[in-house]
Amino acid sequence: MQPKIMMKKKSVSASKASLVLFLCQMISALDVPLDLSQPPTITQQSPKDYIVDPRENIVIQCEAKGKPPPSFSWTRNGTHFDIDKDAQVTMKPNSGTLVINIMNGGKAEAYEGVYQCTARNERGAAISNNIVIRPSRSPLWTKERLEPNHVREGDSLVLHCRPPVGLPPPIIFWMDNAFQRLPQSERVSQGLNGDLYFSNVQPEDTREDYICYARFNHTQTIQQKQPISVKVFSMDSLNDTIAANLSDTDIYGAKPVTERQPVLLTPTGSTSTKVELRGNVLLLECIAAGLPTPVIRWIKEGGELPANRTFFENFKKTLKIIDVSEADSGNYKCIARNILGSAHHVISVTVKAAPYWITAPRNLVLSPGEDGTLICRANGNPKPNISWLANGVPIAIAPEDPSRKVDGDTIIFSHVQERSSAVYQCNASNEYGYLLANAFVNVLAEPPRILTTTNKLYQVIADSPALLDCAYFGSPKPEIEWFKGVKGSILRGNEYIFHDNGTLEIPVAQKDSTGTYTCVARNELGKIQNEVHLEVKDPTMIIKQPEYKVIQRYGQVSFECIIKHDSTLLPTVIWLKDNDALPDDERFLVGKDNLTIMNVTDKDDGTYTCIVNTTLDSVSASAVLTVVARPNPPFDLELTGQLERSVELSWIPGDENNSPITNFVIEYEDGLHEPGVWHYQTEVPGTQTTVQLKLSPYVNYSFRVIAVNEIGRSQPSEPSEQYLTKSANPDENPSNVQGIGSEPDNLVITWESLKGFQSNGPGLQYKVSWRQKDVDDEWTSVIVANVSKYIVSGTPTFVPYEIKVQALNDLGYAPEPSEVIGHSGEDLPMVAPGNVQVHVINSTLAKVHWDPVPLKTVRGHLQGYKVYYWKVQSLSRRSRRHVEKKILTFRGNKTFGMLPGLEPYSSYKLNVRVVNGKGEGPASPDKVFKTPEGVPSSPSFLKITNPTLDSLTLEWGSPTHPNGILISYILKFQPINNTHELGPLVEIRIPANESSMILKNLNYSTRYKFYFNAQTSVGSGSQITEEAVTIMDEGKMAMASRQVDIATQGWFIGLMCAVALLILILLIVCFIRRNKGGKYPVKEKEDAHADPEIQPMKEDDGTFGEYSDAEDHKPLKKGSRTPSDRTVKKEDSDDSLVDYGEGVNGQFNEDGSFIGQYSGKKEKEPAEGNESSEAPSPVNAMNSFV
């Protein structure tokens, strides 16, 4: 599903709002300030066609302005209307509005007529439109006798409404006695004239309460016609009695309902005409009879129906074109069509036009001696006649004015004087209406004045237009100039637009447009200026918009709306759902920059919009929330096409909950054998709603369907109806038939029983048959109940048998079953393996061989061979210990195996036994073998005591595992200096019978490292290491043991504290000098196995020395390592690892492979020369300062 994200932005200061402001200023620029003399101007009047409520007072509006304030008078039907002589009529104070009091005894009908208002002062007279006053009317229906309508099924019918003539015309609708609107369709619909048309009647149209209602909106009344009765006769119910009562003709003869081609009910004939006025709505109608119900289609001959203005209503029976113009004239054809044919009608449309303005006259302000024109141009169809009036009097009989000249639709004024002030009326009329406009000529001599407020502040958003107002007045008309800043030059250029009303427009305002602007107005009578201020703000932006979200039902979802705005503007954030306010629900949590919806439900699905408003602009961003859930369960399960072995199941899917259904799972219940237990039957794709199901006999089926989508599985549907299939012979036999003896003299036959629905009928049993294989015996059979085991007794030991199990029920047997091979029970093997041989490969590994036993003596399935072996004694110590036997199993018919993990220089015994399913056979005679010597383990301990100035005493223990005869001990030692560098290595060989020695001629106050190991004839064993220190002098004894370190001495701790303090002082000095421009190059050097060494200070300048990459500073080389000889080399054995057995004391694979190593860990050898054997420690590094 693709994401749906929408964003909109608008600016209040620009675009539509600015354009409205600009237009308003253009109009106001023509207004003369009310403190100056001016002719009257009509500001408010009632509509030309004024329909009034006869129950309320009549108010005829007429408001005007002028200087001096105008007086008002009225005419009625062309003559003076003296309101003082009619007590029911009053005029509002300071107004021309008439109030006719109807509620106190007056009658509205008495005041019908054409009214016109005149507003007059010393500079002229303005007149209103002719206002036609008519009271509304809502007459009652005339009483009439309505005969019942008896109609044959399939015929057409028209129920006439014929409402009373009202003013204005009523709205028509049809209802029944319960005030419920009658349903309408392509077959039954209401025409434009209010009649109810039936293209063809059906029996369900029979009723006695077809009622036409007329609603008169002006008086808020509804009139009701008498109910009309309709009786529809079907051919099946027609009888002679009804026919005789209705008519003597054959019109109701027993003819079947026949289909009929379309016939137009309205309009009649093949052509008609229609006249409509420009700007109105054109409504054309075609309603046709026919069976089947005809479908209506509209075309315009020789053209296309106007796009965006054409609509179809009343089931396409009405063509509606809005805002028609002369271009919409032409022939419109409606075509009614059904399967039997078509009918058509052509409506010739002519669009006429009441007068409409091309150029309406506008007020004219002139100074004495100026020229000007009044223009009055209008159009219409037919073309309107233009006439002029002066102060309400036809210009031909008005007082002459030498400064004016009438030229058709134009009045030209030349060298006007103050007496030329007047109000002129232009009347444009044709047979469809008239237009009347007042425009005054006002002759004034006035210096400029600026009407805009001083120091007005304008605020706009960057990159939007800025409109700075400079409303002005003056006569002659002043010239307008704009300046920016206190000493700015006049504004010119394409970056500005100067409007006639004085407005300065900056099409694209930028931040640098901010400032003070000065408007200057001047004419020959004077000059004036005004300052306004412009501030350009940063636009409001949504920098983190809400994103499309898919959420599961009952989950939680959040939409972000993070904004950036001008710091001087205060934004407000509003969230909408589907362009409406958020639901009043506590689950909706509106945060500072997000919207969170808790416990989401299906009704939360929709579009969420974040709207950010400031006083100047508004931005919004939207995102769609899709709530998904598991599908609703399918419903309306139906079984069709029931056969003995199949049935068709169909269903209607439930709501997929915005996540498409991927598949349907069909389950069944066997109400006969396993009621309440549902089993999987099959599944089908999510686009499929029917499935053919295979059935088994003798099952009482019920089915249910589960819908699955990405969210999960629906609840199961309601079960279908039950369907019981007929009984039949079993289709299949038991599976997994086996024959395995549990005792040496029996055969246990087992199988998996058939499930209930597999029985195919009542009385399920099994026929069990067996016979000895490879012996010419007959089958022995027995029929048993519905069980899963049968035991055959008295069989020979471990003999193969042919076995078969066949199902049967009350209707017969299943097909012939297949045979399987089983064996009677096993017994222990009879003989032991012979000719057992052992080949010793090395001190820890041996290979054993044996001869296989005859298969007949195994008396069962050969599992393999087990090798029992154990250590008798160590040849180096001659002392016996507790015997711990080890076992290795070699599966299958193998005749050799490997014995790993032996101890060197030891005596072992082993025997071999054959294994079957019953157990182990007798053991072979014990076989003795010995392992050769190996390298010894490390000495058990090494102690260094009695340190003196030049000697140390060494004591040690013999190896725990000598693994042979010891021939000597090897002692190696070397000194270690303060930087942990190693001195020359000294080696001493010591007889094997020694356990201590005194090492003399050593250096005083020196640390030594010792390496000690034992040797056999095979080689050296693992070594043990220790360190010790000789004493400084006779008065002070140093601890020689490795367990006591110099770092724990008090004097050393004090020394280190002094050194640390010195380093801190040096660091402070370096920092101060570095800030003053000194250079102290320090290059860090890292070692992967040790801390960085601290270099000594240079003596010449007291700073730290710089590290170098030179060879003499590279890390010391590591000491050499002597490899151990306790390894098994490839040339010592050619046997594969698969020859190792399954041991109980070691790690082995299932196939008998041994997992492990034959070699021990290697001990590190001492380093040669002056190289260190360990990484320098911080303590040793600190010692380098001493």
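In what sense do S63 and strand S64 (residues 723-724) pair, and over how many bridges? The two strands pair in the antiparallel sense, over two bridges. Two strands count as paired if DSSP finds at least two bridges between them. Within this pairing, Tyr701 has Tyr723 in S64 as its bridge partner.

The structure is a predicted model, in which local features need pLDDT of at least 70 and side-chain atom pairs count only at pLDDT 80 or more, while totals for chains, interfaces and linings use all residues. Residues are numbered from 1 along each chain as its sequence is written, and side-chain values use heavy atoms, with hydrogens and water left out.

The protein has five helices and 87 strands. Helices (H or I, at least four residues) and strands (E, at least two) are DSSP runs, numbered from the N terminus. Of the 1186 residues, 43% count as buried. Buried means under 20% relative accessible area, exposed means over 50%, and partly exposed lies in between (1.4 Å probe, protein chains only). The protein exposes about 63200 Å², and carbon and sulfur atoms supply 50% of it. Accessible areas come from the Shrake-Rupley method with a 1.4 Å probe; for residues, only the protein chains shown count as cover. Among contacts between residues at least 6 apart in sequence, 66% join residues at least 24 apart. Contact here means heavy atoms within 4.5 Å.

The largest nonpolar core holds 29 residues. A nonpolar core is a set of buried Ala, Val, Leu, Ile, Met, Phe, Trp, Tyr and Cys residues joined through side-chain atoms within 4.5 Å. Ile58, Ile60, Trp74, Ile100, Tyr115 and Ile133 touch the most other members. Two or more residues each come from strand S3 (49-52), strand S4 (58-60), strand S5 (62-67), strand S6 (71-76), strand S9 (98-100), strand S10 (113-121) and strand S12 (131-135). S10 gives the largest share, three residues. Trp74 has contacts beyond its neighbours within four places in sequence. Among them are Ile60, Cys62, Phe81, Met91, Leu98 and Tyr115. Apart from this core lies another, of 20 residues, including Leu637, Val647, Phe664 and Ala707.

Strand S63 (residues 700-708) is largely enclosed by the rest of the structure, because nine of its nine residues are buried. Both faces are covered. Asn700, Ser702, Arg704, Ile706 and Val708 are buried on one side, and Tyr701, Phe703, Val705 and Ala707 on the other. S63 also pairs with S60 in the antiparallel sense, over eight bridges. There, Asn663 has Val708 in S63 as its bridge partner.

Strand S86 (residues 1024-1029) has five of its six residues buried, so it is largely enclosed by the rest of the structure. Six bridges join S86 to strand S85 (residues 1007-1015), and the two run antiparallel. Lys1009 stands opposite Glu1027 in S86.

Strands of a sheet pair through backbone hydrogen bonds, either parallel or antiparallel. S30 and strand S38 (residues 433-443) pair in the parallel sense over three bridges. Val365 has Asn442 in S38 as its bridge partner.

Several loops carry backbone exceptions. Most residues other than glycine have a negative phi, and most peptide bonds are trans. A cis peptide bond joins Lys67 and Pro68, with omega about 5°. Pro68 lies in the loop between S5 and S6. Another cis peptide bond joins Asn381 and Pro382, where omega is about 5°. Pro382 sits in the loop between strand S32 (377-381) and strand S33 (385-390).

Asn658 is not a glycine, yet has a positive phi of about 70°. Asn658 lies in the loop between strand S59 (646-652) and strand S60 (663-670). With a relative accessible area of 34%, Asn658 is partly exposed. Arg859, also not a glycine, has a positive phi of about 55°. Arg859 lies in the loop between helix H3 (855-858) and strand S75 (862-874). Arg859 counts as partly exposed, at 27% relative accessibility.
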